[in-house]
Amino acid sequence: MSSPSSSLEQPRVITCKAAVAWRAGEPLVMEEVEVSPPQPLEIRIKVVCTSLCRSDLSAWESQSLLPRIFGHEAAGIVESIGEGVTEFEKGDHVLAVFTGECGSCRHCISGKSNMCQVLGMERKGLMHSDQKTRFSIKGKPVYHYCAVSSFSEYTVVHSGCAVKVDPVAPLHKICLLSCGVAAGLGAAWNVADVQKGSSVVIFGLGTVGLSVAQGAKLRGATQIIGVDINPAKAEQAKTFGVTDFINSNDLSEPIPQVIKRMTGGGADFSFECVGDTGVATTALQSCSDGWGMTVTLGVPKVKPEVSAHYGLFLSGKSLKGTLFGGWKPKSDIPALIEKYMNKEIMIDELVTHNLAFDEINKAFDLMRDGKCLRCVLHMPK
């Protein structure tokens, strides 16, 4: 790998290792990639660690925009900065985030939303600023993923899509706050606003679902029902506050009937954390008439349309969506890191595997087979 620029030089192209997806669902290939210098308002990051999120897996299995470098839960160190960047300096520790915060658009200043109009979720595989890529192999472009692309030893992100963090915080743990853990906690706290004494049902007990459970427990929910098809998750879920576990494959009657019987008429809050619109409908059917709220967090691979009888809404139920748990990354994530450092929220228990970066295909296998929650990949030092 070529040496990065010194502090007295202008940033130049870096050659480094990246795990590149060439075909959907096929093993990633370790390639030598060229990483361009950061352009105005961008930073280049030396990735220290990156964790595998289920949306990386889903996109890898179905994506047609290739070749591509996936990965979006990541932490690292600023290697160089582009023109106009004043918030970051070389050597800063940062989290990269898949949705940014410009601080000046209508949504950022509204106080009602975290859907930045300038640096929202990027789906074209290009940089927000100039609609170009910063990765190439032998002169041919390689697409980005979610404006992060952390399955690379170096990456370039817009400075609005990075959060400066306390260098004391362990990067290999807090990287989970750049997506899954933050999304689950925020769904319970910001979106649903779970109250003390509430009943909650969570569909899908992966990292996001367990983080919802943790958030609900910390808010004082008294009944937290977890629904999953993997019985191995039952015991683990108790650690995060789940009081009752249902394996939906074992039921001989519709899940909503079971939930209504367990809760005396339906849960106060239900959360869809699978990424399946059919499950979203089931979650809506499982919450209480009059006030029940369903929050959907998952990203579906197929059939993105949600279907539900209008009578469910006439009865007073509501359905809400959320991206990143409603958090504004720059404004809110430092406080979540502080909560972790003060042992107020759990992250360590969600890291089930630590692997070297070159074992990334093993990480994909573990997640696809349902054998891990979060696998943290560590870059060569």
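This is a predicted model: local features need pLDDT of at least 70, side-chain atom pairs count only at pLDDT 80 or more; totals for chains, interfaces and linings use all residues.
View 1. Strand β3 (residues 42–51) and strand β4 (residues 73–81) are antiparallel and share eight bridges. With strand β8 (residues 154–158), β3 pairs in the antiparallel sense over five bridges; lysine 46 has tyrosine 154 of β8 as its bridge partner. β3 also runs antiparallel to β17, to which three bridges join it, and threonine 50 is there bridged to leucine 377. Eight of the ten residues of β3 are buried, so the strand is largely enclosed by the rest of the structure.

**View 2. Helix α1 and its cover.** Helix α1 spans residues 54–62, and its buried residues are Asp56, Leu57, Ser58, Ala59 and Trp60. Among the elements that cover these buried residues are β3 and α11 (360–368).

**View 3. The open sheet β1-β2-β6-β7.** Four strands form this open sheet in the order β1-β2-β6-β7, and their pairing is antiparallel. The edges are taken by β1 (14–20) and β7 (140–142); each has a single partner strand, so one side of each is left without a neighbour in the sheet. From one strand to the next, the twist averages 50°. β1 and strand β2 (residues 29–35) run antiparallel and are joined by seven bridges. Within this pair, alanine 19 is opposite methionine 30 of β2.

**View 4. The open sheet β12-β11-β10-β13-β14-β15.** This open sheet has six strands in the order β12-β11-β10-β13-β14-β15, with parallel pairing. Which strands stand at its edges? They are β12 (244–247) and β15 (318–321), each with a single partner strand, so one side of each lacks a neighbour in the sheet. The twist here averages 20° from one strand to the next. Inside the sheet order, β10 and β13 run parallel and are joined by four bridges, and phenylalanine 203 stands opposite glutamate 272 of β13. Helix α4 packs on the sheet and touches β13, β14 (293–296) and β15. The direction of α4 makes about 145° with that of β14.

View 5. Helix α5 covers residues 207–218; at 1.5 Å a residue its twelve residues should span 16 Å, and the end C-alpha atoms are 16 Å apart, which agrees. Ten of the twelve residues are buried, so α5 is largely enclosed by the rest of the structure. The buried residues are Thr207, Val208, Gly209, Leu210, Ser211, Val212, Ala213, Gln214, Gly215 and Ala216. Just past the end of α5, glycine 220 has a positive phi of about 95°.

**View 6. Serine 211 within α5.** Serine 211 is located in helix α5. Is this residue buried or exposed? Serine 211 has 0% relative accessibility and therefore counts as buried, the cut-off being under 20%. Apart from residues up to four places away in sequence, serine 211 touches Gly180, Val181, Gly184, Leu185 and Leu350.

**View 7. The largest nonpolar core and phenylalanine 271.** The largest nonpolar core holds 96 residues, of which Phe151, Leu177 and Phe271 touch the most other members. Which element gives the most to this core? Helix α4 does, with seven residues. When neighbours within four places in sequence are left aside, phenylalanine 271 is in contact with Ala187, Ala188, Ala192, Val194, Val200, Val201, Ile202, Phe203, Val212, Val295 and Leu297.

View 8. An unreviewed UniProt entry lists residues 25–377 as "domain: Enoyl reductase (ER)". In the model, this span is 27% helix and 23% strand. The end C-alpha atoms of residues 25–377 lie 19 Å apart.

Definitions and conventions:
Residues are numbered from 1 along each chain as its sequence is written. Side-chain values use heavy atoms; hydrogens and water are left out. Two strands pair if DSSP finds at least two bridges between them. Helices (H or I, at least four residues) and strands (E, at least two) are DSSP runs, numbered from the N terminus. Axes are lines fitted to C-alpha atoms, for helices over the stretch in contact, and angles run from 0 to 180 degrees between N-to-C directions. The expected span of a helix is 1.5 Å times one less than its number of residues. Buried means under 20% relative accessible area, exposed over 50%, partly exposed in between (1.4 Å probe, protein chains only). A nonpolar core is a set of buried Ala, Val, Leu, Ile, Met, Phe, Trp, Tyr and Cys residues joined through side-chain atoms within 4.5 Å. Contact means heavy atoms within 4.5 Å. UniProt positions are given in the numbering used here, feature names are shortened, and annotations may be inferred rather than shown by experiment.
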